[in-house]
Amino acid sequence: MDRQVVLKKIKDIMKASRIGVLSTSYDNKPDSRYMIFYDQEFDLYTKTSTDSVKIEEIEQNPVAHILLGYDDTKNHSFLEIYADLEVTEDPDVLDWIWDEQDKSFFDSKEDPKLCVIRAIPRSIKLMNSDSEDGPQYVEFN
């Protein structure tokens, strides 16, 4: 399939699906949790606290697997995202997340514990697309 068509399908799922599963590894043991994701291009962003165990996990091993998409209707398409993670407290990113997206879990964007996890995809696998025969892979540099 044409790369641009697959990228469009991936973007459509990223726009429609905000809740996904972020999986990390700590001391060689998997750890997964639901997160609310927001996208810019193909990077995903999610808020967390600087006190979260996720921060220590990311510092130890910044590689993650994210599941995003799939719903209990006729749309069973979803994404498997292999990504590098970074933690940021960049004011521009915090403003974007706070002002444009989501105000849950924190009382203020000035909360000193507010930070953002950025997932930078290495690869994305499009699964269960009705118009495709099998998974479609996209590699990122």
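Which residue takes a positive phi in the hairpin of β3 and β4? The views below begin with that hairpin and then turn to the strand, the pocket and two further residues. The model is predicted, with local features requiring pLDDT of at least 70 and side-chain atom pairs counted only at pLDDT 80 or more, while totals for chains, interfaces and linings use all residues. Residues are numbered from 1 along each chain as its sequence is written, and side-chain values use heavy atoms, with hydrogens and water left out.

**View 1. The hairpin of β3 and β4.** In this hairpin, which has 2 residues between the strands, Glu41 is the residue with a positive phi, near 55 degrees, and it has this value although it is not a glycine. Most residues other than glycine have a negative phi. Glu41 is placed in the loop between β3 and β4, and at 62% relative accessibility Glu41 counts as exposed (exposed means over 50% relative accessible area, buried under 20%, and partly exposed in between, with a 1.4 Å probe and protein chains only). Strands here are DSSP runs of E with at least two residues, numbered from the N terminus. Strand β3 (residues 38-40) runs antiparallel to β4 and is joined to it by 3 bridges, where pairing requires that DSSP finds at least two bridges between two strands. Within this arrangement, Tyr38 stands opposite Tyr45 in β4.

**View 2. Strand β4 and its pairing with β7.** The pairing of β4 with strand β7 (residues 114-127) is antiparallel and extends over 6 bridges, with Thr48 opposite Cys115 in β7. Strand β4 is mostly covered, since 6 of its 7 residues are buried.

**View 3. Thr46 within β4.** Thr46 lies in strand β4 and counts as buried, at 2% relative accessibility. Leaving out residues up to four places away in sequence, Thr46 touches Met35, Ile36, Phe37, Cys115, Val116 and Ile117, a contact being heavy atoms within 4.5 Å. A polar atom of the Thr46 side chain also lies 2.7 Å from the backbone oxygen of Ile36.

**View 4. The largest pocket.** The volume of the largest pocket is about 190 Å³. A pocket is an open set of points on a 1 Å grid over the protein atoms alone, with protein on both sides within 12 Å along at least five of seven lines, and its lining residues have an atom within 4 Å of a point; the volume is the space filled by probe spheres set on the points. Of the 13 lining residues, those closest to the centre are Met35, Thr46, Lys47, Thr48 and Phe105. β2 (29-36) and β4 (43-49) each supply at least two residues of the lining, and β4 gives the most, with 4 residues. By residue class, the lining divides into 7 nonpolar, 3 polar and 3 charged residues.

**View 5. Asn28 and Pro30.** Asn28, in the loop between β1 (19-26) and β2, has a phi near 65 degrees, a positive value in a residue other than glycine, and is exposed, with a relative accessible area of 76%. Pro30 is found in strand β2 and is exposed, with a relative accessible area of 74%. Apart from neighbours within four places in sequence, Pro30 is in contact with Thr24 and Ser25. The C-alpha atoms of Pro30 and Ser104, 74 residues apart along the chain, are separated by 26 Å.

Technical notes: 1 Å grid on protein atoms, 1.4 Å probe; cavity = no way out; pocket = protein on both sides within 12 Å on 5 of 7 lines; lining within 4 Å. Nonpolar A, V, L, I, M, F, W, Y, C, P; charged D, E, K, R; others polar. Polar contact = N/O pair within 3.5 Å; in protein donor to acceptor, adjacent residues only side chain to side chain.
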